[in-house]
Amino acid sequence: MDITGNQKIKAPRSQVFAALLNPDVLKESIPGCESAKLVEMGGRQQLKVKISPNIPGMKGPYVVFLQTGEVVSPSRVVLIAEPSSSMGSVKALCTVNLVDEGEATNLGYNAHAEIEGKIAATPEIILKGAVKMALDQFFKNFEKQVSTVKA
C-alpha cells in the first residue's frame, strides 16, 4: 500500500523539522496516541508510542516503535515502523521531505506499507481510507502543535 501527499505548514522549515523529531509534539498530533517517549533499543533511540486507534475492528491499545532511518537536517526524515499484533503485522516506511515556501514549509510525504496477517484481508480501499483519514487528522493536529514549539 502506498500513500503520498503534501501539507503546507505555516512555520519555518527548521521548526517543522524539529517538531517531526519531538516526542511531545508527536504525542499530541497522532490520533489516538496515549503516550510517546524515547527509549533505547538495540543501541538506538526509538520512539515508543502507545496508540488506541478509533477504527472499527482495530481497537487498541497498540505499542509501536518508531525509528528514524535517514535524517538530513532540516530537509528530510525517513521514519520506520514495524508494529505487529494478533491482527497481523505492518512494515511501514515514510519519507518526509521539507521545502521552504516563503514563510511556510511544504511537507511532502511518501509512505509505503507491507501488510500481513488478518489485517491484510481487509480490502486496500478501506485500509487506505482509514489511513488517509488518520493522516488528515495528524496534519491538522501537527500544524497546531508546530506553531507552539520553539525551533
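Residue K10 lies in the loop that separates β1 (2-9) from α1 (13-20). Helices and strands are DSSP runs numbered from the N terminus, a helix (H or I) having at least four residues and a strand (E) at least two. The model is a predicted one, in which local features need pLDDT of at least 70 and side-chain atom pairs count only at pLDDT 80 or more, while totals for chains, interfaces and linings use all residues. Residues are numbered from 1 along each chain as its sequence is written, and side-chain values use heavy atoms, with hydrogens and water left out.

K10 counts as exposed because its relative accessibility is 71%; the term exposed applies over 50% relative accessible area, buried under 20%, and partly exposed in between, with a 1.4 Å probe and protein chains only. Setting aside residues up to four places away in sequence, K10 touches E103, A104 and E143, where contact means heavy atoms within 4.5 Å. Although K10 and T105 are 95 residues apart in sequence, their C-alpha atoms are 6.4 Å apart in space.

T105 itself belongs to strand β8 (residues 104-116). With a relative accessible area of 0%, T105 is therefore buried. Its side chain reaches the backbone oxygen of A11 at 2.6 Å. Beyond its neighbours within four places in sequence, T105 is in contact with several residues, among them Q7, K8, I9, P12, R13 and V16, and also with L98 and V99.

The discussion now turns to the pairing of strands. Two strands are said to pair if DSSP finds at least two bridges between them. Strand β3 (residues 44-51) and strand β4 (residues 62-72) run antiparallel and are joined by five bridges; L47 has L66 as its bridge partner in β4. On to the next strand, β4 is also joined by five bridges to β5 (residues 76-81), again in an antiparallel arrangement. Here the bridge partner of L66 is A81 in β5. Three residues stand between β4 and β5, and the two strands form a hairpin.

A further strand, β7 (residues 88-101), contains L93. This residue, L93, counts as partly exposed because its relative accessibility is 39%. Not counting residues up to four places away in sequence, L93 touches V78, L79 and I80, as well as N110, A111 and H112. By contrast, L93 and I125 are 32 residues apart along the chain, and their C-alpha atoms are separated by 19 Å.

Methods
Polar contact = N/O pair within 3.5 Å; in protein donor to acceptor, adjacent residues only side chain to side chain.
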